[in-house]
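Trainee: I have not read a structure like this before. Please take me through it one feature at a time.

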Amino acid sequence: MSDYRKPKGMYTILPLPFTENFEIKEDVLLEAIDWAVGAGARGIVATGSVGEFSHLDREERLRVMEVSLARIRQHAGVDAIAMTAAAGTLETIYYTKYAKELGYDYVLIVPPFYWRVGEEEVWRHFRMISEAVKIPIIVYHNAVTSKFDISVKFARRLAEIPEIVGMKEMKHDMAFLMSLYGALSTKLSLMQTFRVYLQALLMGAAGGSITCFALPACVRITELFEQGELAKAMKIQQALNELFKGSTEGAGVLGRIKTACSLTSGLDFGPPRPPYLAPGKEEMAILQANFDRLTDAMVSSK
């Protein structure tokens, strides 16, 4: 049994704001951290996937980790989580060590990406990290980006590593999730993504690890769940799941997510870095209409 404190509550991932020339807007990043805490976040993930960690050079990434932590620490009781993943183990260890030195509470790590990996390689990856840096780890299960799908059996094996205290789960296959929660909910904190957030609460999720466009909605779903107002919570969940309905499938995901975060927070996160594109006029109109329906569902729940 691990002695580390397990993550719990609503964690959110913030996009990294850029100017039209793709330069980092630190002032907006700091505003975004304040906004997220005010909206109900109890953990902030720095340099996450939508924080475009893979699009930053080393100096930029370290700087964002530094300024993010300094601002997070201004908010008592809010956990600081650094995404320290990289394509290889040694680079992941480098960023994980830096997160530990800065004083982050947790690191979030997706399995190695680009080349496909097998279970023994992923096991070696997390084992080497845990041996090199004594900091609690949240495994990020996202087979879309990493190309590695974590089975329930392998998740049990990962849970044997003392530093692994949680898992951010992206899947929304209910049969898989029921098996996962049944096997691991007493061993790890399971932090669910937005698409089945309400259903995950019913299965015993420790909280959420979501991009900030879903933050107010998931906070409200949690409130309604705790009040036993499941029908109202489900209406918000359904509207949230339809936020990107009608958008082009495949391409443009990052741009849509950043734009949705801007709509939710009222902050300008700007465009993603090339080659990724922001939504065009037609797609923007669809996104705005879907966002308005989500807003209506939130209002009607009161």
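Trainee: What share of the 302 residues of the protein chain counts as buried?

Mentor: Buried means under 20% relative accessible area, exposed over 50%, and partly exposed in between, with a 1.4 Å probe and protein chains only. Here 55% of the 302 residues count as buried. This is a predicted model, where local features need pLDDT of at least 70, side-chain atom pairs count only at pLDDT 80 or more, and totals for chains, interfaces and linings use all residues. Residues are numbered from 1 along each chain as its sequence is written, and side-chain values use heavy atoms, leaving out hydrogens and water.

Trainee: How many helices and strands does the protein chain have?

Mentor: Helices (H or I, at least four residues) and strands (E, at least two) are DSSP runs, numbered from the N terminus. The protein chain has twelve helices and eight strands.

Trainee: Which strands pair with S1?

Mentor: Two strands pair if DSSP finds at least two bridges between them. Strand S8 (residues 207-211) pairs with S1 in the parallel sense over five bridges, and Ile-13 stands opposite Thr-211 in S8. Strand S2 (residues 43-46) also runs parallel to S1, joined to it by three bridges; there Tyr-11 has Gly-43 as its bridge partner.

Trainee: Why is strand S1 described as largely enclosed?

Mentor: S1 covers residues 9-13, and four of these five residues are buried, so the rest of the structure largely encloses the strand.
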